[in-house]
Amino acid sequence: MSRQRSDVDPRLVAWLDEGPRHGPEGLRSRAFAQARSTRQDRVWLGRIPQPTRFQMMSASITLTAVAVLALAAGVALTPDTPEVAAPAPSASPSPATSPSPLHQGLLTPGEYTVAPFGGAEWAPCGPSEEPCPEAATDDDIRFTFTVPEGWAGAPFGSDIWLASYANSGPNGAGFLIGRGGWLYSDPCAESGDTDIPVGPTVDDFVDALVAHPTLDLSEPVGVTLDGYPGRYLELEGPADRADCPTFQAWAPTFYAQGDSNHQPIWVIDVDGVRVVIHGSEFPDTAPERSAELREIVESMRIEHDPALAPSPTPLTEDATAVVNGWPGARSEPAGLYSWTPGGRGWMHKGVEGSGSVELSFQVFDAEPGAGPVAEIGELGSDLDGTYTKQPQLVADVRLQSWMMGMGDQRILLIVKSYRDTAPAMIAEAEAVIESIRAEPTQSDAGYRLVFELEDGWDSG
Amino acid sequence: MQRELVELAKRGDHDAFEALATGAFDGLYALAHRILRDVDRTDDAVQECLIRAWRQLPRLREPARFEAWLRRILVNACYDESRRMRRRAELHVLPLERAGGRDAATDLADRDELERGFRLLSVEQRTVLVLTHYLGMTAREVAETLDIPVGTAQSRLSYASRTLRAVLEADARPGQLAEGGRP
């Protein structure tokens, strides 16, 4: 008997509906375990989440300001989320009289300074940009500028996002100091890497923007910031982001923070290093805010001084030795490095996947997995707790993990090595762990872990 | 809440990622199984999807679209798994389950027909059918999920439906029943 064509779809629907609706618990556990030993793709901190207005508010004004913004913009109130956990502003209400380090949160009117490219966390190139042709000589570039009332700093890693109270549409304003990068052939794509190569110079970047087939740009004009030459142009985001919610021309930088996002762009050459100051404003942005944005940028002092500290992580307790932040994407020299609880830190030495050894730090809130546990000792005397070793050998991979207590937190340290990893390399990773000491800091966690590295570790 | 979890997971928070993935896990598994029709391959695809999602999370631009993004990763994992299946030229035993009901023989026959017809389709066509007839997506939603033009989604669905109908009609003709055929 031949069935009628109209009979097929209902049968198909019923048949598809018969299949399993739940996945096996073991599969989920395995996948999560594997994810925990897998590093995320390089985090290049260009993706600024849209509700950044909340991040810039101090805890003391959050509720009031959020209520005002919610009334104005109809946004949901989420004051208990990490988004609002911005550090409190300076305790002193008086205006700053000398350049202060730019910080996250509301800024007291005054002069601020920042070296956004310094240290290990800055990743000026996207994941597809290997080998990245730039970034070797930018660490010591320092920007100093005067900030009027009503602006806030929001450094995401080493990206600097200076903004008025509301940085997103329909009336926000802000800018980010970056390095530019490769372009997206599809600025509306929700994910994926940049795929249009861009060279390291000012002209490389500006010409690539101009040559892009879909970007709406003004004609570039010459510009000078603090004596450094460059080019200025303006980029128009989509008027309606319904079909392009994350419009972004290049990475790392921010994506359109609202409809009709007008983006002034200064691209300058600082002693051979390209600097991109990427602005954001909207048709409803108050004219005085737009004017302030330009005034801040155009009155910047830009210094290129090798004597400036290369690391964004300041010294705290030990004034006799430089303590760097987490190792960068390139092979680091021997020295003291640090990890501040928050994101997962990952670094390795050697060629990944064959003879390398990897080391990661992370806060661990769940119960540790079952397995052979052998206590191998205590950490330094200033640490609260002990750590244990859980050697596991899966296929060609050996994982060793240490769990240690830091107050009410537990920190998970993992050493990952491979069949071909030399024992000396594993011993070196273990020596890193043995060298860990805790230092008090002003971070949310209240401390950082400082450790010693030999030559050759990196997080790239 | 999901936006905050996504932001945390993007910054390397495993617990946040696991909370997100746990919420999506059953749906991912159900979708993958319907596309691949094989338990082991489904396991592999779902596991690969979760690992890829973890790795690629820092590159997710819009946290609010996490689920759609995750579904796309799963579909791509299914595509990869399906290609791997072809390369290995594996033989499959068709699962004939739940053989009860009004007319067990007819039900079994129906499912067997559908199973074999479905397997004759490309994984891309199967995916469009599953998204349409299992998840109830419109052509536009299918296109967004697969990152293909709407017209392509519509033509894929049309071709897949025609192919499936042709197989079922051929199956129903005397003399063309599969080995061990049915009345």
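## Overall fold of chain B

Along its sequence, chain B follows the pattern α-α-α-α-α-α-α-α. The chain has eight helices and zero strands, where helices (H or I, at least four residues) and strands (E, at least two) are DSSP runs numbered from the N terminus. The structure is a predicted model, in which local features need pLDDT of at least 70 and side-chain atom pairs count only at pLDDT 80 or more, while totals for chains, interfaces and linings use all residues. Residues are numbered from 1 along each chain as its sequence is written, chains are lettered from A and ligands numbered from 1 in the order in which they are written, and side-chain values use heavy atoms, with hydrogens and water left out.

## Burial and contacts

Of the 183 residues in chain B, 54% are buried, that is, under 20% relative accessible area (1.4 Å probe, protein chains only). Among contacts (heavy atoms within 4.5 Å) with a separation of 6 or more in chain B, 64% join residues 24 or more positions apart.

## Packing of helices 1 and 2

Two packed helices are described by the angle between their axes and the distance between the axes. Helix 1 (residues 2-10) and helix 2 (residues 14-36) of chain B pack at about 130°, with axes 7 Å apart; axes are lines fitted to C-alpha atoms over the stretch in contact, and angles run from 0 to 180 degrees between N-to-C directions.

Gln2(B), Leu5(B), Val6(B), Leu8(B) and Ala9(B) in helix 1 meet Ala16(B), Phe17(B), Ala19(B) and Leu20(B) in helix 2.

Conventions. Buried < 20%, exposed > 50% of the residue type's maximum accessible area, 1.4 Å probe, protein only.
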